[in-house]
Amino acid sequence: MKARYKAIVDELASAIRKGILLPGTRLPTHRALSVEKKVSLATATRVYAELEAMGLVSGETGRGTFVREISLPAGLGLDQHVVASDVLDLNFNYPSLPQQTDWLREAIRQLTTSGDLISLLHYQPHAGRLNDRETISSWLNAASLKTSADDVLIVNGAQHGLAVTVMGLLKPGDVVAVDALIYPGFKALASLYHLELLPIPVGANGPDLNALRQLCERRRIRAIYTMPTLHNPLGWVLNDAQRRELAVIARLFDLLIIEDAAYAFLVRRPPPPLATYAPERTVYVTGFAKSIAAGLRVGALVCPPDMRHALERAIRATTWNTPSLMVSIVCGWIKDGTIKRFESLKRRDARQRQALARRILTNCEWVSHSNSYFIWILLPQEVRADRLVHRLMQQCISVSTAEPFCTSQHVPHAIRVALGSVKIDKLGEALIIIRDAIDYERDL
């Protein structure tokens, strides 16, 4: 029987990998497979469990077992850096502005005339130079985060900031509460550092904080990872009452709060960061990749004094010190107001793209923020997300299913579309193709 079980697994796996069974194909029920292959129901169930463990199929309660899309990179692009030149990338966000190149050229020109240029070639303090931390601290203060240079650590982008926080403050096996849908980069870190992610049910306006309380009462949770200001992928902004309640829960159960503010700059006059509600237990993580450019790998952490040493040690272990040249450019732009101009222009750009998406995707139910660079499209029950993504890739459009964002066993029937990486005229064309593809799959 063991040989028979393995033979069925190999047969189905081969058909999936060769494209004989296409992505989105509904496989026979467990009972039908047992009859077809003349095996027990338990063996048929084991076959599907093996295929699911191999990442070739996915089972959905009440819907059946479906062939997954395996031609795209694992995580649907999480490890992908470059797409083919003829593919419109609506999977990643790297928003840019026409002025960026000229502004960068001028910033480099000014840097070459700096009398302090030679110092940038030397090792820097692990957390960054004091004058740079003072500059970034002033920028954060303008964003309603009351802090000083002593609270700031400069890192190589927000993702590095998250990695430093995980490495410095958590241990393998620690339990971290997260939204049921989160930024995939944190999922990757959790996997790498062997953290257990405990999903919090979510709605259109934020996480279910009553459910978080109940989770904390049942489990020893060490930390919570959250994006309270323009959540990725759902776009919500937690209100003052939600932030206060989250801070109360964190104090009651002694939780470390990891606040990811990567997209917070897109929200005009948001509530104060969570770090102002519970400063003694919050690490605030931000960066300049979205507000300036993806290649500018500069970010910052704001932390309580008792966490600073552990975070500095993690910076030292991972990168030794900050990228001095890029930090100097960023700090120069903070001082002369260029960052403010970038943020204002990108808020306007995101708002225009969001309005375009809402005008075109009239056949869809979606969740988003009016200033967001992404939109979460809830698919009709008749439309398979992986099959839709495969169809769009054949038409040279890259989007993501819900799977890379999902931390629970239930994967929502949705796709996320990034709006910020292509020219706006091309974005309009791509959104029309997405709309028509959804209609086509629904009609099938």
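Reader: Is Trp139 buried or exposed?
Author: Keep in mind this is a predicted model. Trp139 counts as buried, since its relative accessibility is 14% and the cut-off for buried is under 20%.

Reader: Which ring does Trp139 pair with?
Author: Phe288, in a tilted aromatic pair with 4.7 Å centre to centre and 35° between the planes. Trp139 lies in helix 5 and Phe288 in the loop between strand 11 and strand 12, so the pair ties together parts 149 residues apart in sequence. Phe288 is buried too, at 0% relative accessible area.

Reader: How many aromatic pairs are there?
Author: The count comes to seven. One of them is Tyr123 with Trp320, tilted, at 5.9 Å centre to centre and 55° between the planes. That pair links distant parts of the chain, 197 residues apart.

Reader: And how accessible are Tyr123 and Trp320?
Author: Tyr123 is exposed at 70%, while Trp320 is partly exposed at 39%.

Reader: Switching to charges, which rings have an Arg over them?
Author: Arg384 has its charged end over the ring of Phe66, 3.7 Å from the centre. Arg341 sits over Trp103 at 5.3 Å, and Trp103 is in a ring cluster with Trp333 and Phe342.

Reader: Now helices: how do helix 8 and helix 9 cross?
Author: Their axes come within 11 Å and cross at roughly 5°, which makes helix 8 roughly parallel to helix 9. Residues in the contact include Leu212 and Arg213 of helix 8 and Glu245 and Ile249 of helix 9.

Definitions and conventions
Residues are numbered from 1 along each chain as its sequence is written. This is a predicted model: local features need pLDDT of at least 70, side-chain atom pairs count only at pLDDT 80 or more; totals for chains, interfaces and linings use all residues. Side-chain values use heavy atoms; hydrogens and water are left out. Axes are lines fitted to C-alpha atoms, for helices over the stretch in contact, and angles run from 0 to 180 degrees between N-to-C directions. Helices (H or I, at least four residues) and strands (E, at least two) are DSSP runs, numbered from the N terminus. Angles under 35 degrees count as roughly parallel, over 145 as roughly antiparallel, 65 to 115 as roughly perpendicular and the rest as oblique. Contact means heavy atoms within 4.5 Å. Rings of Phe, Tyr and Trp (its six-membered ring) pair if their centres lie within 6.5 Å; planes under 30 degrees apart count as stacked, over 60 as edge-to-face and the rest as tilted. Buried means under 20% relative accessible area, exposed over 50%, partly exposed in between (1.4 Å probe, protein chains only). A charge sits over a ring if NZ of Lys or CZ of Arg is within 6 Å of the ring centre and within 35 degrees of the ring normal.
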